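Have the structure open and follow along as each residue comes up.

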Amino acid sequence: MAVCDTCGNDYPFTFTVITSDSGTHTFDSFECAIERVAPRCGHCDCRIVGHGIQAGGTMFCCAHCARESGVAGVSDNAEAALA
């Protein structure tokens, strides 16, 4: 069995995630993987689970947070883009 890098659970069905900087991490759940490797929003500090928005080297969870941080021209939907 392997031990989860986040919670320390010794679990027979762990999986490994290799990050873009060649870091290798072992997890027992997606929840633990997200907590350990998902980026945080530059505005609200939540974990970004999905594509997010990147502007000027900062990651945001959504267009709203990007706009609140001064990023112009981003939208989560077509109607907001017209506003």
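**From the inside out**

F27 has a relative accessibility of 0%, so F27 counts as buried. Please keep in mind that you are looking at a predicted model. To find this phenylalanine, go to strand β4, which covers residues 24–27.

What does F27 touch once its neighbours within four places in sequence are left aside? The contacts are C4, D5, T6, T14, F15, V17, C32, A33, R36 and V37.

Is H25 buried or exposed? Its relative accessible area is 19%, and buried means under 20%, so H25 is classed as buried. With neighbours within four places in sequence again set aside, H25 is in contact with D5, F15, T16, V17, T19, R36 and V37. If you compare this with the list for F27, you will meet some names again: D5, F15, V17, R36 and V37 are among the contacts of both F27 and H25.

Finally, let's turn to the surface. V49 sits in the loop that runs between α1 (30–37) and β5 (53–55). Its relative accessible area is 60%, and therefore V49 is exposed. Together with F30 and I34, V49 makes a nonpolar surface patch of about 320 Å².

Key
Residues numbered from 1 in each chain as written. Predicted model: local features only at pLDDT ≥ 70, side-chain atom pairs only at ≥ 80, totals over all residues. Heavy atoms only, no water. Patch = residues over 30% accessible without salt bridge, like charges linked within 9 Å, V, L, I, M, F, W, Y side chains within 5 Å. Areas by Shrake-Rupley, 256 points an atom, 1.4 Å probe, with all protein chains shown as cover. Salt bridge = Lys/Arg side-chain N within 4 Å of Asp/Glu carboxyl O. Helix = DSSP H or I, 4+ residues; strand = E, 2+ residues; numbered from the N terminus. Buried < 20%, exposed > 50% of the residue type's maximum accessible area, 1.4 Å probe, protein only. Contact = heavy atoms within 4.5 Å.
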